[in-house]
Amino acid sequence: MAERGEGNRYRLIDVYRADDSRLRLLIHHPKCREHVEVISRHLRVEDVTGDELDDETLSDVDVLFAFQCPVEVLARLTSLKWIQSTGTGIDAFLGHCRKNPRIMVTAAKGFAAETAASIVLMATLAFHWNLLGRLRDQQKHHWEPHTNYTLEPLISTRTMGVVGLGQIGMTIAGHAKQLGMRVVGTKRQATQIANVDVVYPPEELNRLLSESDFVALAVPLVATTRLLFGAAEFNAMKRTAVLINVARGEVVDETALLSALREGTIAGAALDVFSVEPLPPNSPFWSAPNTLITPHIGGNRIDTYEASATLLANNLKVYPDQRQMRGLCDIGLGY
């Protein structure tokens, strides 16, 4: 059974390592050709079927390199031993891997830390200076005298709440601390962390929310974080607070978020991720009050393909030695 019309999304190759051992690799990504080019600089590769996938070749696949993969294709990878995620999250593979615990998973952990954190920094300053209002004035060719502005507290007097102090969250904390902000955060194991004034366990999320002027979501999408933010959490936030989501759309109850924005329960939201992407043209978020939308660019790096394919190549060289492989994930934890 061939998969046709998928020329821009699939590539099946054999990879040969220093000892001439072979691993069959399936790449599922819009930029698969670019990834193959990078891998070929590190290891010898041979094309197997080009752009067409058939059951015979898929049954011999050892490694999958993808951000996500259709379930019908995953089902045909009967010999799959290892998944390398092109991104930092592995939520797209958790269900399959829990049914097939023999499969090892690695991810590009930390690769999006600087870019995602810079989105949070941008949104923080944009809302602090009411950039959305200034853009509306600009579009109307209206110059509002500075004497008419409402004076805002200095950014150094504000508190940044970081929900999830992994590598992205810690980088967010570093940026906020450079602005002189107080930083509070949550982490599964509440230990002292650089640039974070107070670390709360997840059970004390509401305490973080009550203190924070900006709330940045940087948690992985797992069972315990799905719909983590709903009406109760928005009610626990300050009415002057802003939500910034660079995690996953499914971390937030989007219906509750829309209500919170429309009713003024919170002051605004900066959203880089949504439960359905691309965000449909008829989505109510496009016209939600005080909402800044970016199209899931928190992981964008100029060297994205180079970096992720190089990580894969280095892991291919040492596989299956988990002590040397980078980005190893715990399926039980979900990240």
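User: Leaving aside the neighbours within four places in sequence, which residues is Leu-243 in contact with?

Analyst: Contact means heavy atoms within 4.5 Å, and once neighbours within four places in sequence are left aside, Leu-243 is in contact with Val-215, Leu-217, Phe-229, Phe-234, Met-237, Val-252, Leu-257, Ile-266, Gly-268, Ala-269 and Ala-270. The model is predicted, with local features requiring pLDDT of at least 70 and side-chain atom pairs counted only at pLDDT 80 or more, whereas totals for chains, interfaces and linings use all residues. Residues are numbered from 1 along each chain as its sequence is written, and side-chain values use heavy atoms, with hydrogens and water left out.

User: What makes the largest nonpolar core a core, and which residues have the most contacts inside it?

Analyst: A nonpolar core is a set of buried Ala, Val, Leu, Ile, Met, Phe, Trp, Tyr and Cys residues joined through side-chain atoms within 4.5 Å. The largest such set here has 30 residues, and those with the most contacts inside it are Leu-217, Phe-229, Phe-234, Met-237, Leu-243 and Leu-257. The elements that contribute two or more residues to this core are α8 (205–211), β10 (214–217), α10 (254–263) and β12 (268–271), and the largest share, five residues, comes from α10. Apart from this core lies another, of 28 residues, including Ala-112, Ile-155, Met-181 and Val-196. The element names refer to DSSP runs numbered from the N terminus, helices being H or I of at least four residues and strands E of at least two.

User: Why does Thr-171 count as buried?

Analyst: Buried means under 20% relative accessible area, exposed over 50%, and partly exposed in between, with a 1.4 Å probe and protein chains only. Thr-171 has 19% relative accessibility and therefore counts as buried. This residue is placed in helix α7 (residues 167–178), and beyond four places in sequence Thr-171 is in contact with Ala-113, Glu-114 and Ala-117.

User: Why is Ala-173 called buried, and what does Ala-173 touch?

Analyst: Ala-173, which also lies in helix α7, has a relative accessible area of 0% and is therefore buried. Not counting residues up to four places away in sequence, Ala-173 touches Val-162, Val-183, Asn-195 and Val-196. Ala-173 and Ala-194 are 21 residues apart in sequence, and their C-alpha atoms are 8.3 Å apart in space.

User: Why does Ser-85 count as buried, and which residues does Ser-85 touch?

Analyst: Ser-85 has 1% relative accessibility and so counts as buried. Ser-85 has its place in strand β5 (residues 82–85), where, residues up to four places away in sequence not being counted, it touches Ala-66, Ile-90, Phe-93, Thr-106, Ala-107 and Ala-108.

User: Which strands pair with β10, and which way do the residues of β10 point?

Analyst: Two strands pair if DSSP finds at least two bridges between them. Strand β7 (residues 159–163) pairs with β10 in the parallel sense over four bridges, and β10 pairs with strand β11 (residues 242–245), likewise in the parallel sense over four bridges. Val-215 in β10 is the bridge partner of Gly-161, while Ile-244 in β11 is the bridge partner of Ala-216. Phe-214 and Ala-216 point one way from β10 and Val-215 and Leu-217 the other way, and all are buried. In a regular strand the side chains alternate between the two faces of the sheet.

User: Why is Asp-20 called exposed, and why is His-296 called partly exposed?

Analyst: Asp-20 has 55% relative accessibility and therefore counts as exposed, whereas His-296 has a relative accessible area of 28% and so is partly exposed. Asp-20 is found in the loop between β1 (10–16) and β2 (22–28), and has a positive phi of about 70 degrees although it is not a glycine. His-296 lies in the loop between β13 and α11, and its phi, near 50 degrees, is a positive value in a residue other than glycine.

User: Where are cis peptide bonds found, and what is omega in each?

Analyst: A cis peptide bond joins Glu-277 and Pro-278, with omega about -5 degrees, and Pro-278 is placed in the loop between β12 and β13 (291–293). Another cis peptide bond joins Tyr-319 and Pro-320, with omega about 10 degrees, and Pro-320 is found in the segment after α11 (304–318).
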